[in-house]
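Biologist: Could you walk me through this model and tell me what stands behind each label?

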Protein chains: 2
Amino acid sequence: MVPLTNKEQEAFADMLIYRSVPKKFMLVNVGDVSREAYFVNSGCARLFYRKNGEEVSANFVFENNFIASLESFLLQVPSRQAIETLEDCELVVLQKERLTELIKKHPRIESFSRAIAERAFIILQRRASSFILDSPEERYMKMLNEHPQISSRIPQHMIASYLGITPVSLSRIRKRISGGTD
Amino acid sequence: MVPLTNKEQEAFADMLIYRSVPKKFMLVNVGDVSREAYFVNSGCARLFYRKNGEEVSANFVFENNFIASLESFLLQVPSRQAIETLEDCELVVLQKERLTELIKKHPRIESFSRAIAERAFIILQRRASSFILDSPEERYMKMLNEHPQISSRIPQHMIASYLGITPVSLSRIRKRISGGTD
């Protein structure tokens, strides 16, 4: 990602916290000021909104990816989103205060933070543009391409809410894709 | 934004390019590798996608804001989006090569880049979440709150495509808001 010296790498590694959390664990609630960002070492988690008492899934994150309520984490404002684990997870936790201190001591680690912010932006923009440009079926196909395991690891009603369609429509799309009749 | 020394500020200012462009000028085309990001000093511009021969507006930017095909600019990959001015614009142009060189010489300017990437992410996420959570009418109200001048400066069909509705539906919403009957 960004070449750091051994000393910087050590300082960075020292800052990280390893944490195991069970399935269905709420990492961030709507309204929390989130002081942590998470790298998912194993397991999966989702980011979702609450709308009129319903949960709307906005993102699913599998192993080897970051998940955070990034606006809350960056600006230290109440989170609009919630994050919960969908499987038992091994997480690497990045704490806001520790990161800020570390960057003060090792300014080059700033470029690491920048790389994360940029990457988060790009992933989000791809998703947002897909929402504008693609049909629900096309978006489902893209999900399957990126994460072939998604339909066995994520409940169907969450996938449907992510696609902005009803579970019945999702079931129809799945039948069509697998070659079944409607 | 980020406290820089006088020397850093000078180096940064030296890098900037001032450019006047007329209305309806294409700053970035779909497929271009974008080497520039723009700060709009005056005027307004829009970012849009092309879908089956149609233009889908994704963002409008007025004076004192940045506009860029950020994924293309950051990763130097072909742009999925186009950018055009909607009014005569005074732009401050940030060129990729110059910025990269500047950061090499003045590493603390990195934090400026990070701040831009973070801000871009947050603005995009607010828009994406509004797409998920709000009705077209609510989204239009938010637009008006943020940019009261939007309906006099942006053509209605572009606003409609941004909201994901037809111009007829937008006209109905506008009548409802102004207290007219349907």
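Biologist: What makes strand β3 and strand β8 of chain B a pair, and in which sense do they run?
Modeller: This is a predicted model, to begin with. Two strands pair if there are at least two bridges between them; β3 (residues 36–42) and β8 (residues 89–95) of chain B have 6 bridges, in the antiparallel sense. So the pair meets the rule.

Biologist: Which strands make up the open sheet in chain B, and in what order?
Modeller: The order is β1-β8-β3-β6, 4 strands with antiparallel pairing.

Biologist: Why are β1 and β6 of chain B called edge strands?
Modeller: Pairing takes at least two bridges, and β1 (17–21) and β6 (65–67) of chain B each pair on one side only. Therefore both count as edges.

Biologist: Now the interface. Why is the meeting of R114(A) and E110(B) called a salt bridge?
Modeller: The rule asks for a Lys or Arg side-chain nitrogen within 4 Å of a carboxyl oxygen of Asp or Glu. Here the N to O distance is 2.5 Å, so the pair qualifies. Across the interface of chain B and chain A, the rule finds 4 salt bridges.

Biologist: Which element supplies the largest share of the side of chain B that touches chain A?
Modeller: That is α4(B), with 17 residues. By class, this side of chain B has 16 nonpolar, 5 polar and 9 charged residues.

Biologist: How much area do the two chains bury between them?
Modeller: Chain B and chain A bury about 3100 Å², 70% of it on carbon and sulfur atoms. F121(B), I132(B) and L133(B) supply 19% of the area that chain B buries against chain A, more than any other three residues.

Definitions and conventions:
Residues are numbered from 1 along each chain as its sequence is written. Chains are lettered from A and ligands numbered from 1 in the order in which they are written. This is a predicted model: local features need pLDDT of at least 70, side-chain atom pairs count only at pLDDT 80 or more; totals for chains, interfaces and linings use all residues. Side-chain values use heavy atoms; hydrogens and water are left out. Buried area is the accessible area (1.4 Å probe) that two parts lose on being put together, summed over both. Helices (H or I, at least four residues) and strands (E, at least two) are DSSP runs, numbered from the N terminus. Ala, Val, Leu, Ile, Met, Phe, Trp, Tyr, Cys and Pro count as nonpolar, Asp, Glu, Lys and Arg as charged, and the others, Gly among them, as polar.
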